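Here are some notes for a colleague who is opening this structure for the first time. They are set out as numbered points.

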Number of protein chains: 4
Amino acid sequence: MNYNLVLEEIQKEIQPLLKVGKVADYIPALKNVKKEQFVMCLHLLDGTTYTIGNVENKFSIQSISKVFTFTKALEIYGKELYKNVGHEPSGNAFNSLVQLEHENGIPRNPFINAGAIVITDLLRSAYKNNSFDKILDFIQEIADNKNISYDKEVYCSELESGYRNFALINMMKSFNNISNNVDDVIETYFKHCSISMSTRELSRAMLFLANQGTDPLTKKVFVSSSKAKRINALMLTCGHYDASGDFAFHVGLPGKSGVGGGIVAIIPNLMSICVYSPGLNAQGNSLVGTKALELFTSKTGLSIF
Amino acid sequence: MNYNLVLEEIQKEIQPLLKVGKVADYIPALKNVKKEQFVMCLHLLDGTTYTIGNVENKFSIQSISKVFTFTKALEIYGKELYKNVGHEPSGNAFNSLVQLEHENGIPRNPFINAGAIVITDLLRSAYKNNSFDKILDFIQEIADNKNISYDKEVYCSELESGYRNFALINMMKSFNNISNNVDDVIETYFKHCSISMSTRELSRAMLFLANQGTDPLTKKVFVSSSKAKRINALMLTCGHYDASGDFAFHVGLPGKSGVGGGIVAIIPNLMSICVYSPGLNAQGNSLVGTKALELFTSKTGLSIF
Amino acid sequence: MNYNLVLEEIQKEIQPLLKVGKVADYIPALKNVKKEQFVMCLHLLDGTTYTIGNVENKFSIQSISKVFTFTKALEIYGKELYKNVGHEPSGNAFNSLVQLEHENGIPRNPFINAGAIVITDLLRSAYKNNSFDKILDFIQEIADNKNISYDKEVYCSELESGYRNFALINMMKSFNNISNNVDDVIETYFKHCSISMSTRELSRAMLFLANQGTDPLTKKVFVSSSKAKRINALMLTCGHYDASGDFAFHVGLPGKSGVGGGIVAIIPNLMSICVYSPGLNAQGNSLVGTKALELFTSKTGLSIF
Amino acid sequence: MNYNLVLEEIQKEIQPLLKVGKVADYIPALKNVKKEQFVMCLHLLDGTTYTIGNVENKFSIQSISKVFTFTKALEIYGKELYKNVGHEPSGNAFNSLVQLEHENGIPRNPFINAGAIVITDLLRSAYKNNSFDKILDFIQEIADNKNISYDKEVYCSELESGYRNFALINMMKSFNNISNNVDDVIETYFKHCSISMSTRELSRAMLFLANQGTDPLTKKVFVSSSKAKRINALMLTCGHYDASGDFAFHVGLPGKSGVGGGIVAIIPNLMSICVYSPGLNAQGNSLVGTKALELFTSKTGLSIF
């Protein structure tokens with residue numbers, strides 16, 4: 001298939017939408033990003049890449065980091081993990097707290113904030129004060145790239161305005177579902193959300209999930225085939241907040257979005273994808289990014305369904 | 001692949017679980033079913049079947065009928081449908097009513113009861129008093145089998161004890177999301193839930209969804225390829241009540257369960273499957289059926305992820 | 001105290017508010033009422049009355065009927081009643097259904113719709129098909145007035161548009177908290193809500209609650225002193241939907257409002273009061289009526305606190 | 001009336017209940033209290049006291065402090081207060097957080113934890129770092145007693161285990177309903193909850209609320225008559241968590257309980273009361289204390305209804 005042509009068609013078709021979304025403005029460090037950007041990168045299993053736009057430009061990966069921390073925690077803890085966090089979609093945002101309360105402080109899945117905070121707590125139990133360094137090491141390793149770090153300005157902004165996340169972690173702590181000091185856990189959590197990566201780097205980092213858990217280029221095994229399938233299943237059912245069903249419905253690929261404007265996705269045994277466009281839709285996912293992926297699976301027929 | 005061998009292995013491995021589940025007892029007509037049954041049927045696209053157990057034995061399809069009514073309504077209404085029913089997972093059961101209320105009587109998806117009732121209402125708007133006959137015709141057509149009907153005893157039991165469904169429909173009516181007379185809609189709804197089919201018939205009826213919307217044997221086009229993918233996506237994210245995430249996680253196939261003990265699933269472009277075992281798990285899905293499908297994808301590697 | 005003077009002052013002060021409220025429009029039979037009306041009547045224990053406005057004009061008592069049905073049911077069932085309905089304030093409306101669901105179909109108190117429906121069900125268990133006649137008899141007896149009946153037009157409107165109440169009763173039936181046929185119970189419920197009474201008649205009917213359960217003029221004992229206090233306590237904590245706290249705070253009297261525009265209140269051992277003005281505030285209580293009662297207790301110092 | 005005789009009768013009648021309740025055990029400092037205690041004190045407006053049990057024994061006042069902080073804040077801010085906290089009952093505990101979320105971080109009333117934290121925040125805005133000293137001064141003044149202080153052990157225990165309160169304050173901060181540093185506010189909040197007072201001191205401190213806001217002995221005016229009535233109304237509708245309706249129903253007096261085992265109550269224009277017994281009922285109120293007050297109003301007929 002001529003992927004370059006497909007990417008060019010997509011770029012043309014999404015132009016009218018570039019003005020529509022709304023850049024995340026809950027922290028100062030994010031809201032100054034230029035909205036009208038569109039970047040997309042595909043990595044085939046043999047390392048071939050297809051790109052459009054400035055794929056080297058770095059942006060804040062935000063919730064995409066949850067895929068990586070969950071992968072690491074799943075590798076360390078296996079099924080034990082499910083004592084602390086579920087794997088069900090969470091329903092809509094308005095009842096996230098009542099659900100957490102009703103379910104005794106066990107978050108529904110590792111891709112909502114409460115769940116990702118629990119995962120960070122588990123990583124702190126494993127790695128103590130080195131937790132963030134270990135998480136960054138892991139991301140550098142799966143991206144096969146030492147040149148990845150976090151953005152201090154974004155991190156400080158998150159920390160200053162993250163009262164809702166402090167509310168979540170304290171509630172879970174009251175249910176004994178947080179083992180470590182809450183400030184330490186939140187610090188690590190906000191740091192990994194503040195990591196900056198380029199579209200190319202993110203696409204590259206997802207390649208192991210398109211290949212049953214093993215990096216097809218370096219041959220490193222990051223998780224077993226069975227666990228890789230489960231991470232992908234979770235991205236499909238829970239990867240896009242309260243638009244996860246919509247994403248499955250229209251795009252039909254396992255993926256994960258971040259409020260920074262990035263979305264990663266994989267086509268099992270074929271390729272990994274990253275798209276970037278910072279204007280968000282009402283559910284907090286990249287508006288153009290979602291549309292671009294929908295166009296991609298429509299044009300190529302490469303949905304998993 | 002030697003599917004007969006796989007089915008035999010599965011049958012052997014699930015034996016200890018046959019005593020564990022709990023047969024649905026909310027209506028008298030269901031609770032007298034013998035629990036220790038296990039039946040499974042695969043249909044390849046060329047019509048080849050692999051079976052184990054008594055695949056001709058009929059049982060109540062219950063919520064599996066929601067796949068067929070949704071398919072028909074999607075064919076008639078297309079995107080207009082989404083004014084009346086969403087396509088997001090619903091979160092857990094305990095707050096289904098408050099969610100419905102919060103979201104102005106628009107159910108989250110067509111596979112929860114409220115959503116399937118809305119779909120039935122839409123079919124009544126299209127077919128008036130012939131609605132149930134038309135639904136049955138459609139199921140007979142996709143199953144390529146005229147010998148399918150509903151069980152009057154099950155139907156009457158449902159009608160007598162279905163207060164919760166009456167609560168749901170009246171609430172949606174108060175939000176103007178039901179156009180027809182509530183008693184008429186509920187009657188049609190309970191009738192299609194009371195349809196009896198065998199494991200073989202259900203497996204056969206799902207073949208069009210494994211083949212992009214077109215029956216591979218009769219060549220009849222029931223829905224477009226694009227719509228078939230969406231129905232499959234919806235089965236994956238919403239097909240198993242509050243265990244949908246778990247089913248995606250452990251089985252990794254689009255599927256739909258019913259409290260009668262049946263589960264249907266498809267592997268895109270390869271086969272359709274039906275498994276039957278009436279003992280249910282805590283979420284109301286066939287306990288052995290779920291396990292059998294998990295074993296099937298583990299042994300064959302045929303998950304969509 | 002010169003109550004005539006107090007009533008005249010109140011009438012003058014509420015004039016600017018007569019245009020502000022919104023007449024109930026959920027049923028046609030109510031929305032044609034003229035908004036700019038203000039009527040008030042006081043009954044002292046010796047039968048002396050003080051009035052302003054057209055106190056003979058009849059209006060729909062709506063939820064005020066809940067005080068009378070609860071009184072009758074409390075007399076029949078005593079503490080047994082609390083198996084079926086609680087006596088706690090209900091919090092705000094948005095979670096009424098989830099609360100009902102969470103608490104297994106037991107409504108929080110007899111003055112919210114769900115609770116009053118349960119009370120009506122209990123009266124049907126006691127009185128069978130005579131239930132409405134018996135309820136009407138009781139109201140005629142406490143009002144010492146045979147000339148009270150229900151408004152058929154209001155009743156039919158309620159029945160046609162009362163889907164939410166049908167939702168509530170079916171949900172409670174699914175929890176086995178309704179013993180009788182749902183249509184029969186709803187019919188009786190809507191009939192007693194459709195009773196018409198004048199401001200003078202309602203004020204008179206409340207006199208027994210201002211006098212420890214005994215009519216001070218006819219000397220008939222309707223409930224014990226202890227039960228009368230409890231009915232009054234319940235009016236204070238639950239009498240005005242989600243503005244019950246506000247009413248206690250600003251008015252400081254036990255009272256009950258109806259969406260028809262009436263409010264009844266009592267001052268223990270001193271008087272009963274009825275005020276009527278059909279414009280409602282955001283919580284569904286008479287806007288001018290609430291203000292008039294606040295002015296009354298401010299001017300006279302007659303709050304119970 | 002022979003109050004001494006009434007108190008003796010009550011003491012006799014509550015004996016079998018002394019073993020029933022459960023002492024608060026969420027912090028170590030509370031759970032070592034001896035359960036089988038019963039103490040009660042009445043203060044008439046002329047200063048006459050009637051007592052039973054060890055009325056000089058100090059205990060942790062806990063939530064009773066909310067009456068005093070609310071009084072002070074109402075005096076400072078008047079109606080402005082209602083921008084930050086409501087005056088409605090809160091419904092049951094299970095959905096307190098979702099309610100807070102639904103209502104944009106504005107707690108329902110100042111007697112639930114979230115509301116009392118907002119009040120503490122307002123007092124910090126007024127008094128800055130002197131806040132706790134000013135609160136303690138105020139309590140000493142209304143109790144006419146300099147010998148009142150907080151218990152450091154209780155305070156430290158609260159601070160160590162108060163994750164749920166940290167969750168509440170952070171959530172309200174995320175809605176901009178907390179102006180000061182969250183740690184500072186919580187510190188002040190836990191300090192005033194940790195104040196120790198005797199049954200006699202608490203009864204004495206409530207005398208101004210039984211006398212329209214003015215201490216009848218010192219003649220100091222603490223709040224206006226109108227505000228005193230509102231504080232009393234609020235105690236009636238919201239003073240006992242999710243048993244407020246029950247307390248109004250069975251006792252019929254404005255009151256406020258604390259998990260330390262104390263309950264204060266007032267009879268307008270007649271007396272203030274404090275009862276102490278540390279065994280709690282399921283709703284977290286003193287079991288024997290509640291029963292003793294119910295017996296008191298039954299025997300004396302002194303309910304406000």
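Predicted model: local features only at pLDDT ≥ 70, side-chain atom pairs only at ≥ 80, totals over all residues.

1. The pairing of S5(D) can be followed residue by residue. S5(D) is joined by 2 bridges to strand S6 (residues 195–198) of chain D, and the two run antiparallel. Within S6(D), D:Ile195 is the bridge partner of D:Tyr150.

2. Chain B should be read next. In chain B, an open sheet is formed by 3 strands in the order S4-S6-S5, with antiparallel pairing. Strand S4 (58–60) and strand S5 (149–150) of chain B lie at the edges with a single partner strand each, so each has one side without a neighbour in the sheet.

3. Both pairings in the chain B sheet involve S6(B). S4(B) is joined to strand S6 (residues 195–198) of chain B by 3 bridges, running antiparallel, and B:Ser60 has B:Ser196 as its bridge partner in S6(B). S5(B) pairs with S6(B) over 2 bridges, also in the antiparallel sense. There, B:Tyr150 has B:Ile195 as its bridge partner.

4. How are chain D and chain C related? Chain D is superposed on chain C by a rotation of 180 degrees with 0.0 Å of shift along its axis, at an RMSD of 0.0 Å. This is the relation of a two-fold axis. Both copies use the same surface, since 97% of the contact residues of chain D recur in chain C.

5. The contact between these two chains involves 31 residues of chain D and 31 residues of chain C. On the side of chain D that touches chain C, helix H4 (96–102), helix H12 (225–238) and helix H13 (244–250) of chain D each supply at least two residues. H12(D) gives the largest share, 8 residues. By type, the residues on this side of chain D are 12 nonpolar, 14 polar and 5 charged.

6. Other pairs of chains have no contact. Chain B and chain D do not touch either, with their nearest C-alpha atoms 11 Å apart.

7. Helix H12 (residues 225–238) of chain C can be checked for length. Its 14 residues, at 1.5 Å a residue, should span 20 Å, and its end C-alpha atoms are 20 Å apart, which agrees. Of the 14 residues of H12(C), 11 are buried, so the helix is largely enclosed by the rest of the structure. Among the buried residues of H12(C) are C:Lys229, C:Arg230, C:Ile231 and C:Leu234.

8. The largest nonpolar core has 388 residues, and those touching the most other members are A:Ile169, A:Met206, A:Val264, B:Met206, C:Ile169, C:Met206 and D:Met206. What does D:Met206 contact beyond its neighbours within four places in sequence? D:Met206 is in contact with D:Val264, D:Ile266, D:Ser272 and D:Cys274. In general, nonpolar side chains tend to be buried together in soluble globular proteins.

Notes:
Residues numbered from 1 in each chain as written. Chains lettered and ligands numbered in written order. Pairing = 2+ DSSP bridges. Helix = DSSP H or I, 4+ residues; strand = E, 2+ residues; numbered from the N terminus. Least-squares fit on C-alpha atoms with pLDDT ≥ 70 in both. Contact = placed C-beta atoms within 7 Å. Nonpolar A, V, L, I, M, F, W, Y, C, P; charged D, E, K, R; others polar. Core = buried A, V, L, I, M, F, W, Y, C linked by C-beta atoms within 7 Å. Buried ≥ 20, exposed ≤ 12 C-beta atoms within 10 Å, placed from the backbone. Expected span 1.5 Å × (residues − 1).
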